[in-house]
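Here is a report on pockets, cavities and the parts of the chain around them. Look at the model first, then read on.

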Amino acid sequence: MKITRLLTATTALVATATIAGAESHVEMADEMTIVSWGGAYQESQLKAYVEPYLEQNPGVTVTWDESSAEAVAKLRAQNEAGNVTWDLVDATAADAMRLCDEGLAMEVDHDEILAAAPDGTPASEDFGEEMLVSDCFIPQIAYSYTFGYRNDVAEWNGNEPDDICDVFDLENFPGTRSLEKRPHNNLEWALICDGVAYEDVYDVLETEEGQDRAFAKLDTIKDDTIWWSSGADTPQLLADGEVVFGSTYNGRLFSLIVEQDQPVNMMWDTQSYDLDGWIIPEGLDEAQLARVQDFLYFATDTQRLADQAKYISYGPARKSSAPLVGEHAELGIDMAPHMPTNPDNAQNAFVQNYEWWADYRDDLDSKFQAWLAQ
């Protein structure tokens, strides 16, 4: 679904682009199409840096497109048609690597286009190892895929799940589940619950036998699963009582539990860490690129990334942003206990292998969809 929010009137303008602290007069486009994920996450982006940026740049128009889940396929299609209509795309680390490898995302000099930390530390150091994911990737947040579950299921006799493998335990925790309609995370969780050690998951999954083993484990709950494609699906299914277990982004569950006060709990066991950030599509004209770079310089600075964490429980990618994160901007609650990186939540976390998924995603996507259709 595509939505458009006209945040200010459109006017032609000549603006001042600020890149790496140096000012230069550049004619910049007066509109941007930003691709993101919708829901609570996109709302946090809107509040933390899009609205403040537009306040400082009257006359600029932003159009939102909620197509990040299909970013790779759609950018491939736009490129083949010779008509790239997006200016800035929010993408996972693995998708950013794929787009960069295929020449669909622009390589950037992070220290040239991004602001230094307040103490002068270059962006490449302030973002740390997260900056090394790809030459095209500009990190924003660390987040996780995890499970929410209803805390009022009568058939569970007062028991509450605390282990990822409880998702596969239909005897003790009966009821419908919801899982994402794509292979990553599902295959890893299946292998872990079939006895594979964390450190061996990708070695096993690289083999035909390992893939068959993961699908066989998923077969045990396939008939009791609703497969979701939008991050909003699981929270709604949990709220409506249509599922008792559901995987989704931890920030979506935070919104459901804390902001909406639904009878749902978070299960952090084996939460799957991921990174999310920006890529710039290859081939933007000079005016569009100048606008995008001006926005990125603002939107990824220390304060803006800290501000985003005031609206959603995702950890900012900059080291210098972390000390600035405090209470929820509207609820006044401490955000630290709700972060996936909080030590209490991260005791048994699983870290995705972004490079592995960049290499194997297309093949496993096809295999996963064929398995679903069986």
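## Terms and basis

A pocket is an open set of points on a 1 Å grid over the protein atoms alone, with protein on both sides within 12 Å along at least five of seven lines. A cavity is a set of such points where a 1.4 Å probe fits but cannot get out. Lining residues have an atom within 4 Å of a point. Points are joined across faces, edges and corners, and a volume is the space filled by probe spheres set on the points.

This is a predicted model: local features need pLDDT of at least 70, side-chain atom pairs count only at pLDDT 80 or more, and totals for chains, interfaces and linings use all residues. Residues are numbered from 1 along each chain as its sequence is written, and side-chain values use heavy atoms, with hydrogens and water left out.

## Two domains

The domain assignment, automatic or from a database, gives domain 1 (2–136 + 280–341) and domain 2 (145–274 + 346–373). Their centres, taken over C-alpha atoms, are 28 Å apart. Contact means heavy atoms within 4.5 Å. By that test, 24 residues of domain 1 touch 20 residues of domain 2.

The largest pocket has a volume of about 590 Å³. Its lining has 26 residues, and Ala69, Glu70, Arg182, Ser229 and Arg361 are the closest to its centre. Both domain 1 and domain 2 supply at least three residues of this lining.

By class, the lining of the largest pocket has 12 charged, eight nonpolar and six polar residues. Here Ala, Val, Leu, Ile, Met, Phe, Trp, Tyr, Cys and Pro count as nonpolar, Asp, Glu, Lys and Arg as charged, and the others, Gly among them, as polar. The second largest pocket holds about 220 Å³. Of its 14 lining residues, Gly315, Pro316, Ala322, Met339 and Thr341 lie nearest its centre.

## Cavities

The structure has five cavities of 30 Å³ or more. Strand S6 (residues 138–150) gives the most to its lining, with three residues. That lining divides into seven nonpolar, one polar and two charged residues.

The second largest cavity has a volume of about 60 Å³. Thr92, Ala94, Asp95, Arg182, His184, Asp274, Gln352, Trp357 and Arg361 line this cavity. Helix H3 (93–101) and helix H13 (354–373) are the elements that give two or more of them. Four of the lining residues are charged, three polar and two nonpolar.

## Arginine 361

Arginine 361 sits in helix H13. Is this residue buried or exposed? Arginine 361 is buried (under 20% relative accessible area; exposed is over 50%, partly exposed in between; 1.4 Å probe, protein chains only). Its value is 9%. Leaving out residues up to four places away in sequence, arginine 361 touches Asp95, Arg98, Arg182, Pro183 and His184.

## Helix H2

In helix H2 (residues 71–81), the buried residues are Ala71, Val72, Leu75 and Gln78. They lie on the same side of H2 because they cover an arc of only 130° around the axis. The arc is that of the directions from the helix axis to the C-beta atoms. An α-helix has 3.6 residues a turn, so residues three or four places apart point the same way.

The buried residues of H2 pack against strand S5 (88–92), H3 and strand S10 (264–279). Exposed Glu80 and Ala81 are on the face turned away from the buried side. Just after H2, glycine 82 takes a positive phi of about 70°.

Key:
Helix = DSSP H or I, 4+ residues; strand = E, 2+ residues; numbered from the N terminus.
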